[in-house]
Amino acid sequence: MTRAAGASSTAWTLASAAVDIDQEEWLDFWLANDWGRDEVFRNKGDGTFEEVAGKLRVDDRGSGMNASVLDIDHDGRPDVSFP
């Protein structure tokens with residue numbers, strides 16, 4: 001089902017965050033992967049997702065252990081942090 005929706009991953013995900021990254025009122029999924037690059041699945045609003053970490057330039061290969069969503073800079077938009 002996730003493969004058909006465009007939201008499947010083979011990485012070792014240790015943390016995830018559900019956040020509306022593009023302010024379109026659809027929850028997107030950010031995966032902090034311990035093995036493999038981080039992934040962001042943008043919800044297209046039609047039951048499918050698009051992997052956009054490369055476009056957002058957040059597809060690092062670090063050892064992701066946590067993902068937190070908060071408004072770090074107090075601009076009213078969610079920020080994702082990987083402490």
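1. The side chains of arginine 37 and glutamate 51 meet in a salt bridge, with N and O 3.3 Å apart. Glutamate 51 belongs to strand 4 (residues 49-51) and arginine 37 to the loop between strand 2 and strand 3, so this pair ties together parts that are 14 residues apart in sequence. Glutamate 51 is partly exposed, at 25% relative accessible area. Arginine 37 also counts as partly exposed, at 32% relative accessibility. The model is a predicted one, and every value in this note is computed from it.

2. How many salt bridges does a search of the whole structure find? The search gives 6.

3. One of the salt bridges joins arginine 42 to aspartate 22, with the closest N and O atoms 3.6 Å apart. Arginine 42 sits in strand 3 (residues 39-43), while aspartate 22 is in the loop between strand 1 (12-19) and strand 2 (28-35), so the pair links parts that are 20 residues apart in sequence. Aspartate 22 has a relative accessible area of 25%, which makes it partly exposed.

4. Aspartate 75 and arginine 77 form a salt bridge as well, and their closest N and O atoms are 2.7 Å apart. Aspartate 75 is partly exposed, with a relative accessible area of 34%. For arginine 77 the relative accessible area is 47%, and this residue is partly exposed too. Elsewhere, salt bridges with shared partners join Asp22, Glu24, Arg42, Glu50 and Lys55 into one network.

5. On charge in general, the protein carries 8 positive and 17 negative side chains. The centres of these two sets lie 8 Å apart.

6. What is the order of the elements from the N terminus on? They run α-β-β-β-β-α-β-β, and the protein has 2 helices and 6 strands. The radius of gyration is 12 Å, close to the 12 Å that the globule rule gives for 83 residues, so the protein is as compact as a globular protein of that length. Along its principal axes, the C-alpha trace spans about 35 × 30 × 20 Å.

7. Of the 83 residues in the protein, 27% are buried. The protein exposes about 5500 Å², and carbon and sulfur atoms supply 52% of that area. Among contacts between residues at least 6 apart in sequence, 31% join residues at least 24 apart.

8. Two residues deserve a check of their backbone angles. Most residues other than glycine have a negative phi. Glutamate 25 has a positive phi, near 70°, and is not a glycine. Glutamate 25 is found in the loop between strand 1 and strand 2. With 76% relative accessibility, glutamate 25 counts as exposed.

9. Where is histidine 74 placed? Histidine 74 is in the loop between strand 5 (68-70) and strand 6 (79-81). The phi of histidine 74 is positive, about 55°, although this residue is not a glycine. Is histidine 74 buried or exposed? Histidine 74 is exposed, with a relative accessible area of 70%.

How values were computed: Residues are numbered from 1 along each chain as its sequence is written. This is a predicted model: local features need pLDDT of at least 70, side-chain atom pairs count only at pLDDT 80 or more; totals for chains, interfaces and linings use all residues. Side-chain values use heavy atoms; hydrogens and water are left out. A salt bridge is a side-chain nitrogen of Lys or Arg within 4 Å of a carboxyl oxygen of Asp or Glu. Helices (H or I, at least four residues) and strands (E, at least two) are DSSP runs, numbered from the N terminus. Buried means under 20% relative accessible area, exposed over 50%, partly exposed in between (1.4 Å probe, protein chains only). The radius of gyration is taken over C-alpha atoms; the globule rule is 2.2 Å times the number of residues to the power 0.38. Contact means heavy atoms within 4.5 Å. Accessible areas come from the Shrake-Rupley method with a 1.4 Å probe; for residues, only the protein chains shown count as cover. Lys and Arg count as positive and Asp and Glu as negative; His and the chain ends are not counted. The place of a charge is taken as NZ of Lys, CZ of Arg, CG of Asp or CD of Glu.
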